[in-house]
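Hi,

Here is the structure I promised to pass on.

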Amino acid sequence: MEACRHGYTVQFWTAAKLCNELMEAQSERCLLQLEKQWLKVDLAILDEVGFVPLSKTGEELLFQFCVARYEIGSMILTSILDFANWTQVFKDEQMTAALVDRLTNRAHIFAMNGESY
């Protein structure tokens, strides 16, 4: 909300919703059009990474999304999983390692433990 107050453009998705949008865009052959939209946003927020199991195609498209945003714009990701357990989300260990490497480069990581609202 603070980014919005300061005039930044912000887009919020759950990981599952974004994957569904990406798979739909891919099947309709308009994935590049959707990519142009998400690259324009100053801050992309991706919630619940690892909460809902993803299909192989969903995993790959989510990886592409994160890689495309890498060093283009800011991202906030939330997950109930430690990075060590991200292979539960992205089954391919090399893809997981590459993604975590990009996401943690020049990142601020907040590990929060406590009661949830």
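Predicted model: local features only at pLDDT ≥ 70, side-chain atom pairs only at ≥ 80, totals over all residues.

You'll find Ile80 in the loop that runs between strand E3 (74-79) and helix H5 (93-104). Together with Phe51 and Val52, Ile80 makes up a nonpolar patch on the surface. The accessible area of the three together is about 320 Å².

Next, helix H3 (residues 31-40). Leu31, Leu34 and Trp38 are buried there. These three sit on the same side of H3, because the arc they cover around the axis is only 65 degrees. That goes with a general point: an α-helix has 3.6 residues a turn, so residues three or four places apart point the same way. On the other side of H3, you'll see Leu32, Gln33, Lys36 and Lys40, which are exposed. The cover over the buried residues of H3 includes strand E1 (10-14), helix H2 (15-27) and H4.

H4 (residues 56-69) is also where Glu59 lies. Glu59 counts as buried because its relative accessible area is 3%, and the cut-off is under 20%. Its side chain makes a polar contact with the side chain of Lys91, at 3.4 Å. Setting aside neighbours within four places in sequence, Glu59 is in contact with Leu54, Val89, Phe90, Lys91 and Met95.

Cheers

Terms used. Residues numbered from 1 in each chain as written. Heavy atoms only, no water. Patch = residues over 30% accessible without salt bridge, like charges linked within 9 Å, V, L, I, M, F, W, Y side chains within 5 Å. Areas by Shrake-Rupley, 256 points an atom, 1.4 Å probe, with all protein chains shown as cover. Salt bridge = Lys/Arg side-chain N within 4 Å of Asp/Glu carboxyl O. Helix = DSSP H or I, 4+ residues; strand = E, 2+ residues; numbered from the N terminus. Buried < 20%, exposed > 50% of the residue type's maximum accessible area, 1.4 Å probe, protein only. Polar contact = N/O pair within 3.5 Å; in protein donor to acceptor, adjacent residues only side chain to side chain. Contact = heavy atoms within 4.5 Å. Arc of directions from axis to C-beta.
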